[in-house]
Amino acid sequence: MPLAQPAAPTRPRFSVLGPLTGETDGRPLALGPLKQRLVLAVLLSRANTAVPVDLLTDAVWPEEPPRTARKNLQVYICTLRTLLGRDPGPERLVHTAGGYLLRVAEPELDVLQFRALARAGRAAADSGALAPAARLLRQALDLWQGPPLADLRCSPAVQAEADRLEARCLGVHEDWAETELELGNATAVAEELAEPAERHPLRERLQAARMNALHLSGRQAEALAVYDTHRQLLARELGLEPSPALTARYRQLLAHGPARPATARPAQHPGPSGALLPADTTDFTGRSHELRELIDALAEGGERVAVLSGPAGVGKTALAVHAGHLLADRFPDGRLLLRLRTEDGAPRPLADILAELAALTGRSGPRPADPAQAAALWRASLAGRRMLLILDDAPGEAVVRELLPGFGPSATLVTSRSQLAGLASVHRVTVPPFAPAEALDLLGRIVGTGRTGTDRAAAARIVEACGLLPLAVRVAGTRLAVLRHLPLAEYAARLADPAGALDELVAGDVTVRARLDSGWRDLTDQGRLALGRLAALPLSLLFTLPEAAAALGRPERLALRTLEALTDTGAVTSPTGEVTAHAALYALPRLTHLHAREHSTVLADSLN
């Protein structure tokens, strides 16, 4: 008779949506002394994400950590590992390059269940399934047992985590209320929102939902009083007026206009609480380090503005959109992408951008003719909202400054070829070309790993000839996917020919040359002349400042300024890190180099 297998250890279940608690098999867990509970609270609040050691230290010792802080923290971590139990699989609490990471499955932590239910509810609402959406959102709200981590708010770091959780709860409350209003359940919404609306009087979306619910319940005077109270508080506390949309709704109620709630989700035009992002890239590859940086920078307590910079075609927009989708639960009031250039690469006028923002976010009413006043109105409308605005392909700092939220919990992610050095208090992330393994991975996903695996050397030559640039690798992969008969080795030989490489990087209406043309037009006349002269240097080789000065025909002091200006645009790179100017090595990315050679030849021909 076979021996009975020992039962698998039961994993503990934790709760942070209320007092911090843990249990195993229905029995409460002793979570230890205060400092250990503070560590656990922060790890659970950021479950499955590396938490920096400095943040854990600040949570336990907010004022002056002792000299033994690191050692004490290690003791708490060791005790928590014992508390978590041992599994046959990977260790649950591990130390990584980014800090300590606690691996928790969804059934083991109420906040993970809350996020999953909220995501499912929002997806159901966006697809028009209102009744299931309301049920899912209600289930998410029912997981709350009171103010999150109420017993540990003596720590400012834990207080910040608790505030972040409460903001998520408010977003789900608003989603639920708007969905129920569309279903005709105004009375239930009016009663449910009374307490959260009183606790968060500056939260406009919450006040709007309550005002509509009271009106639809026949409580007209109370509905009007909600608006008046909100307006007076905004003016007194922030010196602002309610948004044009809320004001227009108030006027409707005064005139006994239509009873349909103004905040109801339109069937075809998503409002501010929707996700107005392009679809995520299904074969998104790599960028794990940059993604971690972005998530940390745009989370609560970060700079709230991040700039992704890098040369044309390096994948900044794809990275920004991917991050926007991953941050869905952190920005419940909306995530949208706004392109700051026209199709031909020209900067868009600020007035056009503001008009599009008003349309995308459902803001009605007259707009000031002066773009500066319209921009101020846009910034004021973000007060109290948690939105993520992606400003794509920024041509410079001026237009970005007009669109950045002045205060509040909204965040902005900017993509630009330039580093936008004139913007202060932002988190900058430089997006480099792919590593060779990442480029090969993307090529394999597009053309099939079986095809790249049969001639891996040729596949490696293809991605190297693409300069490891994501756009170029994608175009090359798409071309190969269409031309199934074309051997990889033959296509690699075509790309290796400097005279025809850019002609080969075309797939339908997508061309690498068009993207490089846009970057070329962004340069000043002096910048184009300098880049053309540098293009005379040997292809794909690093060069020094003296070599650059010789190619430019300038003293090294002036050549250095030129190189720094071209580096800011992404046309020149310096892969050697922090060294003195004379010891630094510089490079022209391969495709930029070939493109500059083309233009310098055209320029020379025109002069002759």
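This is a predicted model: local features need pLDDT of at least 70, side-chain atom pairs count only at pLDDT 80 or more; totals for chains, interfaces and linings use all residues.
Contact here means heavy atoms within 4.5 Å. Residues are numbered from 1 along each chain as its sequence is written, and side-chain values use heavy atoms, with hydrogens and water left out.

**Glu-290**
- Leaving aside neighbours within four places in sequence, Glu-290 is in contact with Leu-319, Val-429, Thr-430 and Pro-432.
- Helix H11, residues 288-298, holds Glu-290; helices (H or I, at least four residues) and strands (E, at least two) are DSSP runs, numbered from the N terminus.
- Glu-290 is buried at a relative accessible area of 10%, where buried means under 20% (1.4 Å probe, protein chains only).
- Val-431 lies 141 residues from Glu-290 along the chain, yet their C-alpha atoms are separated by 7.4 Å.

**Asp-110**
- Asp-110 belongs to helix H4, residues 110-126.
- Although buried, Asp-110 has no salt bridge, and the nearest side chain of opposite charge, Arg-13, is 5.4 Å away.
- A salt bridge needs a side-chain nitrogen of Lys or Arg within 4 Å of a carboxyl oxygen of Asp or Glu; Lys and Arg count as positive and Asp and Glu as negative, while His and the chain ends are not counted.
- Beyond neighbours within four places in sequence, the contacts of Asp-110 include Ser-15, Leu-143 and Gln-145.

**Strands S4 and S5**
- S4 (residues 93-96) and S5 (residues 99-102) run antiparallel and are joined by four bridges; pairing takes at least two DSSP bridges.
- A hairpin through two residues joins S4 to S5, and Thr-96 stands opposite Gly-99 in S5.

How values were computed. Buried means under 20% relative accessible area, exposed over 50%, partly exposed in between (1.4 Å probe, protein chains only).
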